[in-house]
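Hi everyone, thanks for making time this morning. I'd like to walk you through a model, so please have the viewer open.

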Amino acid sequence: MSGDLKQFIESRQLECREAYEALSKMGAWDGWYKTLSSLYPDNAHFVFELLQNAEDANATMVKFELNDGLLSFRHDGTKDFNEKDVYAITNVGDSKKGEEANKIGKFGVGFKSVFAYTTSPKIYSKTISFEIENLFIPSLIDPKPIKDGYSTLFNFPFDRDDKSKVDAFNEIKALFDELSDNVLLFLTNIQTIKWQVANSKTHKITKEKNKDFIEINNTQKGTSHWLVFRDQVEFNNKPLTVSVAYSFNKEKNQIEPTRGDVSI
């Protein structure tokens, strides 16, 4: 464990605890907590936040494991936690990714959506292991081995009083049941998403780039093919990547109509 990073988390813990106590003293904590932990109206939105942050950590493979009372998430990202990351994940509205226009995740506000399901997310990496309580107070925890070639592990226990473990399980399972091929289309690093529900068969979506198209293999929905075009545009003097995808019939060598989605 990095000594400097350990000291930073201990210092950050004191700062955040003082902020929490000040908000509580003002009578503002309950409303602040409710607002930040329910920013996203659709259930289990935080699954996409986790994918976005794994993408930004240069991960190529991720895995979700959903069990009674717990969701685990692993990725093989090469970018480990540093002081800026810890600061961002324990802050609100000050993500450092604003400086990198094509980074799609925001550790600040985006990660707060996990608190709709848990009060104490736990994070294990090769460099540091810590948990977060009361939305933003970090504390060091004992490290845990991360198997199968993954580099980072998140554990989300379903321990909120206002959402039962059964409801949390069912809402997240419903998202996995409907997970679309589109989720991989516009990610440039992640090539494989795996998920396992209650020790059942492991499902996965994989992406393979061929010369003329992208092939998506989904163990729940079969194989699909897509034409994807990308270009660079300028917005507020910053370069951004814009992509568009078309459903492609490989046998007929033609584009087919499909329901449109916008991904941001």
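Before anything else, a word on pLDDT: it is the predictor's confidence in each residue, on a scale from 0 to 100. We need that because what you see is a predicted model. Averaged over the protein, pLDDT is 88, and 92% of the residues reach 70 or more. Now please find residues 95-108, where pLDDT stays under 50. The model does have 37 contacts beyond four places in sequence for that stretch. Still, where pLDDT is low, the predicted coordinates should not be read in detail.

Let's move to strand E1, residues 61-67. How many of its seven residues are buried? Five of them are, so the strand is mostly covered. E1 has a partner in strand E7, residues 192-197, and the two pair in the parallel sense over six bridges. Within that pairing, Phe64 stands opposite Trp195 in E7. E1 also pairs with strand E2, residues 70-75, and here the strands run antiparallel, joined by six bridges. In that pair you can see Leu66 opposite Leu71 of E2. The hairpin of E1 and E2 has two residues between the strands, and Gly69 there takes a positive phi near 90°.

Keep Phe64 on screen for a moment. The largest nonpolar core has 55 residues, and the ones touching the most other members are Phe64, Phe176 and Ile193. What does Ile193 contact, leaving aside its neighbours within four places in sequence? Its contacts include Phe64, together with Leu51, Val62, Leu179 and Val183. Leu184, His203, Lys204 and Ile205 are also in contact with Ile193.

Next, helix H2, residues 29-36. Its buried residues are Trp29, Tyr33 and Leu36. They cover an arc of only 75° around the axis, which means that they sit on the same side of H2. What do these buried residues pack against? That is helix H1, residues 3-26.

One last stop, for anyone who likes loops. Ile128 lies in the loop between strand E3 (122-125) and strand E4 (129-133). Is Ile128 buried or exposed? With a relative accessible area of 1%, Ile128 falls under the 20% cut-off and therefore counts as buried.

Conventions. Residues are numbered from 1 along each chain as its sequence is written. This is a predicted model: local features need pLDDT of at least 70, side-chain atom pairs count only at pLDDT 80 or more; totals for chains, interfaces and linings use all residues. Side-chain values use heavy atoms; hydrogens and water are left out. Helices (H or I, at least four residues) and strands (E, at least two) are DSSP runs, numbered from the N terminus. Buried means under 20% relative accessible area, exposed over 50%, partly exposed in between (1.4 Å probe, protein chains only). The arc is that of the directions from the helix axis to the C-beta atoms. Contact means heavy atoms within 4.5 Å. A nonpolar core is a set of buried Ala, Val, Leu, Ile, Met, Phe, Trp, Tyr and Cys residues joined through side-chain atoms within 4.5 Å. Two strands pair if DSSP finds at least two bridges between them.
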